[in-house]
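Please look at the sequence and the model below, then read the report beside them.

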Amino acid sequence: MTDNGGATTGSGSGATGDETTVATDLERLILDAPRKYTPYQAARAAEVPMDLATRFWRAMGFPDIGQSRALTDNDVIALRRLAGLIESGLLSEPMAIQVARSTGQTTARLAGWQMDTFLDNLTQPVEPGMSRSDVAYPLVELLLPELEQFLVYVWRRQLAAVTGRVVQAAEDHEVTSGRLAVAFADLVGFTRLSRRLEEEELGELVEGFENTCSDLIAGQGGRVVKTLGDEILFVSEDPATVAEIALSLVETLAKEDNMPALRVGMAFGTVTSRMGDVFGTTVNLASRLTSIAPKDAVLVDGELAAALDQHGTASLPESEPAPGHRFNLQPMWRRPVRGLGLVEPWLLTRVPTAD
C-alpha cells in the first residue's frame, strides 16, 4: 500500500518545511480525508484478508509502505467494494485484480498528464513574490470537482460505446471471432529529427502529431489503442474505415509544416484484446508492414486487401472491377518478414476523383 503523496519525504528530498506543509494540505484536499490507518488496520477495517488487500494495492500501482499510518477511510471503502464484488460473485478474484490493475494504470497516466499540464502551465506566479505553492492549493481546489465530474462523464460515455460494440458482437460472427483491422502510423526519421530539435520543439511536434491523429481517427470511427511518441496504433472492426483513416492521415500530415513523412502498415485478422491493448500475429504483421512501408504510403496485408475486395471498396487484380471503388490495391514484391515468414504487401492508394 502507498503513502499517496510526498508529505513523508525525508530530509534528503530537498523539500522545505513550507513545501512539505503545502504537499500535506494538497494531499488531504485531493483525498478528502486525513491519514488514519496502517495497511493492516485498513485491511481489518474493510474485513479483507491482508494478502488480498496487498495484491489490490500493488495492482493499482502503489508501492508497499510497511506499517506507516498513511491510509484513509476512502481507502477502506475501496477495499471493501472490491472484496464485495468477489463475495457477491459478480467478479472472480483474478478479474477484480485486473479491474484494479487496469484502473490504476489508466488513471496513473491521466494524473501524470494533468499534473504536467495544469500544475506546470497554470501555477506560474501571477504576481511578483507569489510562489507556486501559493497558487497550487486554490487552483486544485477549483479544478478538482470539475475534473472529477468530467472524468465520470467521459468514462460513462466510453463504457456506453464499448457496451454497444459488445451487444452488436453477440449478433455478428465476425466481431465475436475477434477479427479487427489493425494499423500503425509512424513518423519517418523521427530518431534523427529528435537529435536536432530542442526539447520544447520535439514536445510540440509529438503533441501535434498525437492530437491530429487522435482527432482524425476518432472522427472517422476508428479507435486509438495507444500512442508511442512517434507512432500511433488504432483499430476498427471495419477494414474500409481503417483504410480511409490511413490515407487521410497521410494526406493531412503531408500538409503540416515541419511534420516528417508518415508511413502506415495495416493488417486484418484475429486479435487478442487485454486491458485496452491488442496483441497477436495480426498486430505484429501490421507493425512489420509499417517498418517497410515507403514514405507517405500505406501498406496492407493480403487479408485486409481481400476484405476490401469483398466489401466492394477495392478490387484485387483477379476480381472484376466495380463502380464506386474508393481504393486501389497494387501488389508489391514478396519479402521475408522477421518472425512471420514470407508476406506479400499491397500498396493502398485512393482512387483519383474526376475534376
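F62 is partly exposed, because its relative accessible area is 27%. Here buried means under 20% relative accessible area, exposed means over 50%, and partly exposed lies in between, with a 1.4 Å probe and protein chains only. W57 is buried, with a relative accessible area of 3%. A search of the whole structure finds two aromatic pairs, and one of them is formed by W57 and F62. A pair of aromatic rings is described by the distance of the centres and the angle of the planes. Rings of Phe, Tyr and Trp (its six-membered ring) pair if their centres lie within 6.5 Å; planes under 30 degrees apart count as stacked, over 60 as edge-to-face, and the rest as tilted.

| Pair | Centre to centre | Angle between planes | Class |
|---|---|---|---|
| W57 and F62 | 5.3 Å | 40 degrees | tilted |
| F150 and Y153 | 6.0 Å | 40 degrees | tilted |

The model is predicted: local features need pLDDT of at least 70, side-chain atom pairs count only at pLDDT 80 or more, and totals for chains, interfaces and linings use all residues. Residues are numbered from 1 along each chain as its sequence is written, and side-chain values use heavy atoms, with hydrogens and water left out.

F150 and Y153 both belong to helix 6 (residues 132–169), where they are three residues apart, about one turn of the helix. Helices (H or I, at least four residues) and strands (E, at least two) are DSSP runs, numbered from the N terminus. An α-helix has 3.6 residues a turn, so residues three or four places apart point the same way. F150 counts as exposed at 52% relative accessibility, while Y153 is partly exposed at 49%.

**Two buried helix residues**

I97 lies in helix 5 (residues 93–121) and counts as buried, at 10% relative accessibility. Leaving aside neighbours within four places in sequence, I97 is in contact (heavy atoms within 4.5 Å) with L52, R55, F56 and A59. I97 and L82 are 15 residues apart in sequence, and their C-alpha atoms are 8.7 Å apart in space.

T241 is part of helix 10 (residues 239–254). T241 has 16% relative accessibility and therefore counts as buried. Not counting residues up to four places away in sequence, T241 touches Q220, G221, G222 and S236.

In what order do the strands of the open sheet of seven strands stand? The order is 2-3-1-4-7-11-8, with mixed pairing. Strand 2 (223–227) and strand 8 (327–331) are at the edges with a single partner strand each, so one side of each has no neighbour in the sheet. On average, neighbouring strands of this sheet are turned by 25 degrees against each other, direction ignored. Two strands pair if DSSP finds at least two bridges between them.

Strand 2 and strand 3 run antiparallel and are joined by four bridges. Within this pairing, R223 stands opposite V235 in strand 3, and T227 has I232 in strand 3 as its bridge partner. The two strands, strand 2 and strand 3, form a hairpin with three residues between them, and G229 in the turn has a positive phi of about 75 degrees. Strand 1 and strand 3 also run antiparallel, joined by six bridges, and A183 stands opposite F234 in strand 3.

In a regular strand the side chains alternate between the two faces of the sheet. Both faces of strand 3 are covered: E231, L233 and V235 on one side are buried, as are I232, F234 and S236 on the other.

Axes are lines fitted to C-alpha atoms, for helices over the stretch in contact, and angles run from 0 to 180 degrees between N-to-C directions. Helix 12 (residues 302–310) lies across strand 1, strand 4, strand 7, strand 8 and strand 11 (346–350), at about 80 degrees to strand 4.

Which residues of helix 11 are buried? They are T282, V283, L285, A286, L289 and T290. Seen down the axis of helix 11, these buried residues fall within an arc of 160 degrees (taken from the directions from the helix axis to the C-beta atoms), so they line one face of the helix. What covers them includes strand 1 (179–187), strand 3 (231–236) and strand 4 (262–270).
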